[in-house]
Amino acid sequence: MTSNRDRALVAAIELLGTEGLRGLTHARVDERAGLPKGSTSNYFRTRAALLDGVGEWMLRQEVPVVEAALKPESAADLIDELCRLYDFMIGPNEVTTTARMVLWMESAANERIRQALLSGRAVMTGMLVPALARLGARDPVAASDTIGACFQGVFLQRFARGEEIDPRPLLEIIVRGALAPGSAAGT
């Protein structure tokens, strides 16, 4: 059973991911979620509180998916898992990924949104860095940052420009380049 609060958050993400930030109002969230008028504002008094809730909900939904992908035995496993994760993000999770891109753009002018997104990114980095370290990355933090930047760039190309990009060749370069020469995981 989905709570009304979660229904409101799902509707808010759908609005962000399909209509952008201008489409996000408490009344529109109520309408999209099929909730009585005023319901969303009962849970999230301000737009800022609603955006905080959206960020927390996205993170809560995606952590298990990312966590499952980050148990590689080799560089090839990691590349395969990252490609599967990418396919999830542009497939079943496309609206949420688009919503996140909308929020990243807004974060240029909104420190609160930027901090919320950076907190979420820190959680994801906290899962990726140990996987890279286990595989022998020379600098797991820099490798994680590079993978994150790659994903964001490919998402931007896809959503803003409508370009289809296969992330595998990019991830091959990043992951294999990050691994220490001669490490068993890099082969």
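Helix axes are lines fitted to C-alpha atoms over the stretch in contact, and angles run from 0 to 180 degrees between N-to-C directions. Helices (H or I, at least four residues) and strands (E, at least two) are DSSP runs, numbered from the N terminus. This is a predicted model, where local features need pLDDT of at least 70 and side-chain atom pairs count only at pLDDT 80 or more, while totals for chains, interfaces and linings use all residues. Residues are numbered from 1 along each chain as its sequence is written, and side-chain values use heavy atoms, with hydrogens and water left out.

**Overall build**

- The chain has nine helices and zero strands.
- Along the sequence, the pattern reads α-α-α-α-α-α-α-α-α.
- The C-alpha atoms fill a box of roughly 60 × 30 × 30 Å, taken along the principal axes.

**α7 with α8**

- Helix α7 (residues 111-134) packs on helix α8 (residues 140-161) at an angle of about 125°, and their axes lie 9 Å apart.
- Angles under 35 degrees count as roughly parallel, over 145 as roughly antiparallel, 65 to 115 as roughly perpendicular and the rest as oblique.
- α7 and α8 are therefore oblique to each other.
- Contact means heavy atoms within 4.5 Å.
- On the α7 side, the residues in contact with α8 are Arg121, Thr125, Leu128, Val129, Leu132 and Ala133.
- The α8 side includes Pro140, Val141, Ile147 and Gln152.
- By class, this contact of α7 with α8 has nine nonpolar, four polar and two charged residues.
- In these classes, Ala, Val, Leu, Ile, Met, Phe, Trp, Tyr, Cys and Pro count as nonpolar, Asp, Glu, Lys and Arg as charged, and the others, Gly among them, as polar.

**α4 with α7**

- α4 and α7 pack at an angle of about 10°, with axes 10 Å apart.
- The two helices α4 and α7 are therefore roughly parallel to each other.
- Among the α4 residues in this contact are Leu51, Asp52, Leu59 and Val63; α7 brings residues including Ile113, Ala116 and Met124.
- The contact of α4 with α7 counts eleven nonpolar, one polar and four charged residues.

**α8 with α9**

- The axes of α8 and helix α9 (residues 168-178) come within 10 Å and cross at roughly 175°.
- That makes α8 roughly antiparallel to α9.
- Ala143, Thr146, Ile147, Cys150, Phe151 and Val154 of α8 meet Leu170, Leu171, Ile174, Val175 and Ala178 of α9.

**Cavities**

- A cavity is a set of points, on a 1 Å grid over the protein atoms alone, where a 1.4 Å probe fits but cannot get out; lining residues have an atom within 4 Å of a point.
- Grid points are joined across faces, edges and corners, and a volume is the space filled by probe spheres set on the points.
- The structure holds two cavities of 30 Å³ or more.
- The largest cavity holds about 590 Å³ of space.
- Its lining has 26 residues, and Met89, Arg100, Arg121, Met124 and Gly148 lie nearest the centre.
- Two or more lining residues come from each of α4 (47-69), α5 (75-90), α6 (94-106), α7 and α8.
- α7 gives the largest share of that lining, seven residues.
- The lining of the largest cavity divides into 16 nonpolar, seven polar and three charged residues.
- The second largest cavity holds about 50 Å³ of space.
- Leu51, Asp52, Gly55, Leu103, Ile113, Ala116 and Leu117 line the second largest cavity.
- α4 and α7 each supply at least two residues of the lining of the second largest cavity.

How values were computed. 1 Å grid on protein atoms, 1.4 Å probe; cavity = no way out; pocket = protein on both sides within 12 Å on 5 of 7 lines; lining within 4 Å.
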